[in-house]
Amino acid sequence: MPSHGPSKPLIIALIAVVAAIVIGVVAYSQLSGSQHSTTTTSGSTTSPTTIRLANINSCQSIDAPGQYYITSDIQTSIQDGSCISIRSGNVKLVGNGHKITGNGPFVNGTSYSYGISIRNQTNVSVSQLSISKFSFGVYLLNSSNSLLSGINVTNSTVSSIYMYKSSNNSVSDSRLSGALGSQGSLVMEGGSGNQVQGTTVDYNTYYGIYINGTASTLLNDTLSNNKADLYCAPDKGYPSSSSFSGSSCYINDYCNFAQCSQTNLFQDLSAIPLQQSISSCGDIGGSGTYTLSKNLDMKDYVNRTGPSSNSLACITISAPSVYLNCSNMSISNAGIGILALLTSNVVVANCRVYNSTTGIKFSQVVGGSIRGGTASGNMYSVYIDNSSLVNVTGMTQHGNKYGTYLNSSFITNVKGVSSLNGSYGVYIDNANVTSIINSTVKSNSKTDLYCTPNSYNSSTDSVVGTSCGSTDCTWASSSCSKYVLPPIATFPISSCMTISASGNYSLSQDVLSSGTCFRIDASNVTINCDGHLVLTSTGTHDAFSVSGKSNVSISNCNILNYAHGINATNTKNLSLSKLTINNTQTAVLLTNSSLAKLSSVAADVFSRTGFTFNRLTKSNVSQSIALNGATNATGFLIMNSTGNSFTHNYANQSAYGYYITNSKDNYIQDNIGAINDKYDYYCGPGSTGINDENGGVNSGETKYSCTWMALESLTGIQQQCQAVFLTSLITLSRDMVYTYGSTCFSAITNKTSSANNTLIDCRGHTIIATDGGTLLSIVNSSGVTLQNCYIKNFTKVVQSSSSSSSKVLNNTIADAATAISFANSRFMAISWNKVYGSITGILLSKENYDIAQNNTLSVAGTAINVTNSKSTLLYNNTASSGAYGIVMSNSTGTQMGQSRLTSSSVSGVACYGTSNSSSGGSDIGGNFCNGKLSCPWITSQSCK
């Protein structure tokens with residue numbers, strides 16, 4: 001451009017061009033990369049203003065004000081930094097509906113990728129654009145008065161949009177979905193006056209919107225399918241200037257200005273101050289005597305889906321000189337039941353703690369005592385960490401993994417403690433001057449009194465008057481009945497190798513291989529990578545290969561670019577923990593193995609499967625993750641496997657989350673499947689074991705053929721139970737989990753209402769009760785129908801009284817005390833149902849003219865019981881196992897035909913009272929049963 005400025009004809013031409021661009025007529029591609037000048041007039045003054053107009057079709061920096069147009073989709077493989085970095089204010093970036101796609105997302109703690117970054121700028125707008133697969137979709141740092149509109153940000157590892165110290169910005173008419181970071185999809189950190197309008201925030205792994213600032217505005221937004229939709233940092237989350245209008249959400253943590261279905265499910269329980277009579281979780285912040293006045297269950301106080309819930313303490317003691325007497329009340333299901341932290345002279349007495357990660361923990365405490373009480377079912381019963389002068393006395397510890405765990409502590413007395421039936425009774429790691437006095441430490445599966453290598457030969461620790469089973473502590477060898485030599489010293493390894501001798505191995509540096517890195521040819525091998533990288537550039541072979549060995553443990557490894565991270569065949573007692581396995585065909589492949597244990601194994605970016613289990617038995621897979629599978633890839637593939645436990649796993653962004661085929665009688669519960677292209681859960685042939693959930697539930701949105709599973713939506717929103725007083729049509733659009741143990745649906749007719757002819761149609765969906773109860777109660781109503789349901793774990797499924805002409809059709813019922821119970825009713829029909837695992841299948845009491853036909857029942861007690869009833873038709877029913885097939889008592893006019901009653905331990909059919917007479921009923925033929933008791937009207941040809 002000439003330094004003296006443009007000529008008048010050029011100015012006129014450029015004004016026309018700019019006008020044409022604004023109305024979308026001119027092909028602006030001809031302007032790419034050029035600068036032009038125009039004039040603006042105010043009064044009598046004319047001044048030149050530079051406007052930059054440019055096209056963008058690749059990653060780049062924007063360093064000058066202007067209007068920028070993306071003309072094609074952009075694909076990038078950057079692992080660190082921004083695709084488009086806006087380093088100027090007064091920038092308008094128009095996406096024209098195009099996409100910016102990363103090759104990650106990447107996040108390793110030091111480097112992050114950004115779709116668009118805006119740092120230290122003002123008046124920037126980004127519109128009409130889709131952004132995916134970056135650590136951050138859009139990142140604003142110290143920026144203001146910017147507008148993000150009509151953008152779609154998906155699959156970000158950290159956050160979709162992150163505003164840090166940024167104020168008066170707006171996000172409108174956009175969608176933010178699939179973010180994996182624990183802080184949230186849309187994060188407003190440290191700024192004020194930001195607005196979110198008309199935007200959908202959904203299907204994010206943890207929080208939808210995270211606010212740690214003031215004067216935020218949420219207007220006409222939809223927040224759904226997030227673990228928690230809305231979170232406000234407690235110190236800045238309550239300003240009256242914040243607003244929430246026309247928006248919807250489900251779970252709200254701390255944002256008092258917003259109205260969601262659930263509000264303030266506390267993550268920071270220490271924010272609740274406790275008084276001397278304690279009836280809730282919270283913090284003891286002052287010295288004195290405190291008493292626990294009720295049992296506490298952390299499920300009642302904490303949003304357990306939050307990312308940090310497993311480490312939360314129910315009661316925190318932060319003051320010195322505190323005496324807490326639990327009065328034999330209990331604390332359960334906590335991260336930590338009672339935590340004394342950075343304090344002194346603390347006494348915790350008479351507490352019952354169970355089913356928690358840690359029962360009672362003293363951390364950095366000087367002077368204290370844990371007296372009496374019991375602990376069971378915890379990971380750690382008592383955990384003493386970096387503390388001194390602490391006594392544990394008179395406590396009963398039963399069935400915990402660790403009874404008393406002493407870590408880096410000084411002068412600790414364990415006196416009169418009973419620690420039984422766990423994995424370790426007392427576990428000592430670098431604790432000095434420890435005394436175990438008059439205690440019972442026995443019957444623990446690993447070791448009763450265990451020392452780590454830094455405590456084997458302590459000269460300051462002692463055992464006095466204690467009944468002790470096994471120990472590896474040299475100083476306790478004369479006191480315990482069995483002394484076990486400590487394990488072989490750890491061998492450092494610094495390169496790939498074949499391991500042919502038993503022992504403990506520790507990786508001392510990152511290693512690179514061109515073939516299989518570690519081939520394990522011995523049993524009783526432990527490998528700890530200490531966080532180092534096991535890497536190949538070939539994309540072939542195995543990082544670790546194990547065949548035909550037992551008692552192999554692999555932990556703390558980062559594995560990259562192999563065909564298989566772990567390939568194990570014909571193994572027993574294989575342990576895999578704290579592994580991160582990236583960019584493989586299959587991260588973990590286990591074939592024909594038993595008693596394996598996988599915990600905290602993460603598979604990310606795989607072309608076939610995250611985990612494949614083929615012919616796996618008696619194994620446990622928990623807290624493991626499969627992310628970002630390729631097209632048609634599967635997170636967890638379970639084939640030909642039985643008797644295993646799969647719990648608390650997470651499968652995200654593959655074709656299938658969990659694919660189960662020819663596998664049954666596994667415990668598959670409390671897992672999560674999210675944003676998988678085809679199905680979160682898929683069950684192939686031979687995978688319909690009715691007890692596979694074992695009383696738990698699984699979360700997700702889609703399933704195929706897994707009728708034994710009631711899939712709990714990630715939003716928690718589902719069909720609501722109700723009492724029906726008017727004729728109603730209730731159809732299920734998804735599975736349902738019933739948690740209250742009372743009556744779910746009731747159809748009631750009285751003088752002021754009529755629920756006659758109500759239809760409840762599950763349309764093949766599954767309903768599971770977690771705490772018993774009754775699914776449907778019919779009271780004085782006629783024509784009520786329950787059909788097409790798969791129902792589990794209710795105490796009673798259907799019960800009626802004083803009703804008529806109601807039907808139970810084409811349902812599968814499992815694990816009920818009594819599946820169907822009709823009383824004082826008539827003309828009821830029970831047809832084409834399947835009943836399994838219940839005590840009583842069908843109970844008809846004081847009924848008239850009922851029909852039970854074409855039902856299949858396999859129960860523990862009596863399949864069909866007809867008592868004090870008249871003119872009942874029992875036709876084409878099949879009953880097997882249990883004590884009785886059909887029992888009739890004091891009933892007349894019963895007709896029975898075409899029924900198969902086999903494998904009953906007492907009798908296929910039995911008649912009592914008036915049913916036992918020759919006129920008690922009629923045999924209409926075709927029956928077959930393995931015996932009859934006192935039923936003269938049933939011919940010998942039918943039942944022998």
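Trainee: Which residues touch the most other members of the largest nonpolar core?
Mentor: This is a predicted model, and in it the largest nonpolar core has 58 residues. Ile84, Ile86, Leu93, Ile116, Val126 and Ile161 are the ones that touch the most other members.

Trainee: Take Ile86, then. What is it in contact with, leaving aside neighbours within four places in sequence?
Mentor: Ile86 contacts Ile62, Val91, Leu93, Ile116, Ile118, Val124 and Val126, and also Ser117, Arg119, Gln121.

Trainee: Changing topic to strands: how many does the chain have?
Mentor: The chain has 100 strands, together with one helix.

Trainee: Consider β18. How many of its eight residues are buried?
Mentor: Seven of the eight are buried, so strand β18, residues 207–214, is mostly covered.

Trainee: Which strands are joined to β18 by bridges?
Mentor: Strand β15, residues 186–192, is joined to β18 by five bridges, and the two run parallel. Glu189 has Asn212 of β18 as its bridge partner. Strand β21, residues 228–232, is joined to β18 by four bridges, again in parallel. There, Ile211 has Cys232 of β21 as its bridge partner.

Trainee: Now Thr661. Is it buried or exposed?
Mentor: Thr661 is buried, because its relative accessible area is 18% and the cut-off for buried is under 20%. It is found in strand β66, residues 656–661.

Trainee: What does Thr661 touch, not counting residues up to four places away in sequence?
Mentor: Thr661 touches Ile638, Met639 and Asn640, as well as Gly684, Pro685 and Ser687.

Trainee: On to the surface. Which residues form a nonpolar patch there?
Mentor: Val906, Tyr912 and Leu933 form one, with about 240 Å² of accessible area together. Tyr912 belongs to strand β97, residues 907–912.

Trainee: Why does Tyr912 count as partly exposed?
Mentor: Tyr912 counts as partly exposed because its relative accessible area is 35%, which falls between the cut-offs of 20% and 50%.

Trainee: Finally, the whole chain: how much area does it expose, and what share of its residues count as buried?
Mentor: The chain exposes about 36,800 Å², of which carbon and sulfur atoms supply 48%. Of its 944 residues, 54% count as buried. Among contacts between residues at least 6 apart in sequence, 40% join residues at least 24 apart.

Notes
Residues are numbered from 1 along each chain as its sequence is written. This is a predicted model: local features need pLDDT of at least 70, side-chain atom pairs count only at pLDDT 80 or more; totals for chains, interfaces and linings use all residues. Side-chain values use heavy atoms; hydrogens and water are left out. Buried means under 20% relative accessible area, exposed over 50%, partly exposed in between (1.4 Å probe, protein chains only). Contact means heavy atoms within 4.5 Å. Accessible areas come from the Shrake-Rupley method with a 1.4 Å probe; for residues, only the protein chains shown count as cover. Two strands pair if DSSP finds at least two bridges between them. A nonpolar core is a set of buried Ala, Val, Leu, Ile, Met, Phe, Trp, Tyr and Cys residues joined through side-chain atoms within 4.5 Å. Patches are made of residues with over 30% relative accessible area and no salt bridge: like charges are joined within 9 Å, nonpolar side chains (Val, Leu, Ile, Met, Phe, Trp, Tyr) within 5 Å. A salt bridge is a side-chain nitrogen of Lys or Arg within 4 Å of a carboxyl oxygen of Asp or Glu.
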